[in-house]
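Please look over the sequence and the model first.

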Amino acid sequence: MNGCVFCNIIKGEIPCKKIYEDNDFFCFMDIKPISKGHVLVVPKKHCENILDFPTEASKRLVEITKKLATIVVKAVGADGFNVGMNNGKAAGQAVFHAHLHIIPRFDNDGLSSWPGKDVTEEELNFIKDKIVTFL
Ligand code: 5GP
Ligand code: ZN
């Protein structure tokens, strides 16, 4: 897609530190890593987020993510990793070409996880009942 930074990276018009490529996926180092070894897994065909990412390709996406997470963890000596995806501006998405983040984690690395909120059982039941009406 014109003007899409990841499409331009995939086309080779913007340089990147590529670590893996096949017919459908392109994987490279994040230019502003959250931790050492932060990698992006990007479908070559432009889509915006998980909702328009083709379901048929999801098995391959998981396979590649598992393979790369395993080798990245080994390469940087990480103790774990996050796999993340931001969908929508409110969720922190800045590049509107769908991608997964593989973020290596280290014991006591100081990166904070999302803070959970205390809620009542009534609040949980209320929102659960509302959600399931949309199924
Ligand atoms: P988002 O917030 O959309 O989930 O994540 C976009 C990610 O892409 C960010 O972590 C950002 O650092 C990375 N990024 C943005 N522009 C470039 C670029 O030109 N090259 C590379 N390698 N990464 C980029
Ligand atoms: Zn794109």
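Predicted model: local features only at pLDDT ≥ 70, side-chain atom pairs only at ≥ 80, totals over all residues.

Residues are numbered from 1 along each chain as its sequence is written, chains are lettered from A and ligands numbered from 1 in the order in which they are written, and side-chain values use heavy atoms, with hydrogens and water left out.

**Fold**

- The chain has three helices and five strands. Helices (H or I, at least four residues) and strands (E, at least two) are DSSP runs, numbered from the N terminus.
- Their order along the sequence is α-β-β-β-α-β-β-α.
- The C-alpha trace spans about 50 × 35 × 25 Å along its principal axes.
- The chain has 135 residues, and 33% of them count as buried. Buried means under 20% relative accessible area, exposed over 50%, and partly exposed in between (1.4 Å probe, protein chains only).

**Ligand 1**

- The shell around ligand 1 holds 16 residues, of which D30, G92, A94, H99 and H101 come nearest. A residue is near if one of its heavy atoms lies within 4 Å.
- By class, nine of the shell residues are nonpolar, five polar and two charged. Ala, Val, Leu, Ile, Met, Phe, Trp, Tyr, Cys and Pro count as nonpolar; Asp, Glu, Lys and Arg count as charged; the others, Gly among them, count as polar.
- α1 (5-10) and β2 (25-29) each supply at least two shell residues. The largest share, three residues, comes from α1.
- A polar backbone atom of M29 is 2.9 Å from a nitrogen atom of ligand 1. Such a polar contact is a pair of N or O atoms within 3.5 Å; within protein, one must be able to donate a hydrogen and the other to accept it, and residues adjacent in sequence count only if both atoms are side-chain atoms.
- The side chain of N86 places an N or O atom 2.9 Å from an oxygen atom of ligand 1.
- For G92, a backbone N or O atom lies 2.8 Å from a ligand 1 oxygen atom.
- Ligand 1 exposes 520 Å² when taken alone, and the protein buries 83% of that. Accessible areas come from the Shrake-Rupley method with a 1.4 Å probe; for residues, only the protein chains shown count as cover.

**Zinc site (ligand 2)**

- Four protein donors lie 2.1 to 2.3 Å from the zinc ion: C4 (SG), C7 (SG), H46 (ND1) and H97 (ND1). Donors are N, O and S atoms within 2.8 Å of the metal (3.2 Å for Na, K and Ca); water is not among the atoms, so sites may look incomplete.
- The site is tetrahedral, with angles of 103 to 117 degrees among the four donor atoms. Four donors count as tetrahedral if all angles lie between 85 and 135 degrees.
- Along the chain, the donors follow the spacing C-x2-C-x38-H-x50-H.
- C4 lies in the segment before α1 and H97 in the loop between β4 (80-84) and β5 (100-105), so this pair ties together parts 93 residues apart in sequence.
- Both C4 and H97 are buried.

**Two loop residues**

- H38 sits in the loop between β2 and β3 (39-43). H38 counts as buried because its relative accessible area is 1%.
- A polar atom of the H38 side chain lies 2.9 Å from the backbone nitrogen of I34. The side chains of H38 and H101 are joined by a polar contact of 2.8 Å.
- D107 is in the loop between β5 and α3 (121-132). D107 counts as exposed because its relative accessibility is 58%.
- D107 and D79 are 28 residues apart along the chain, and their C-alpha atoms are separated by 6.2 Å.

Note on methods: Tetrahedral: all angles 85-135°; square planar, octahedral: opposite > 155°, others 65-115°.
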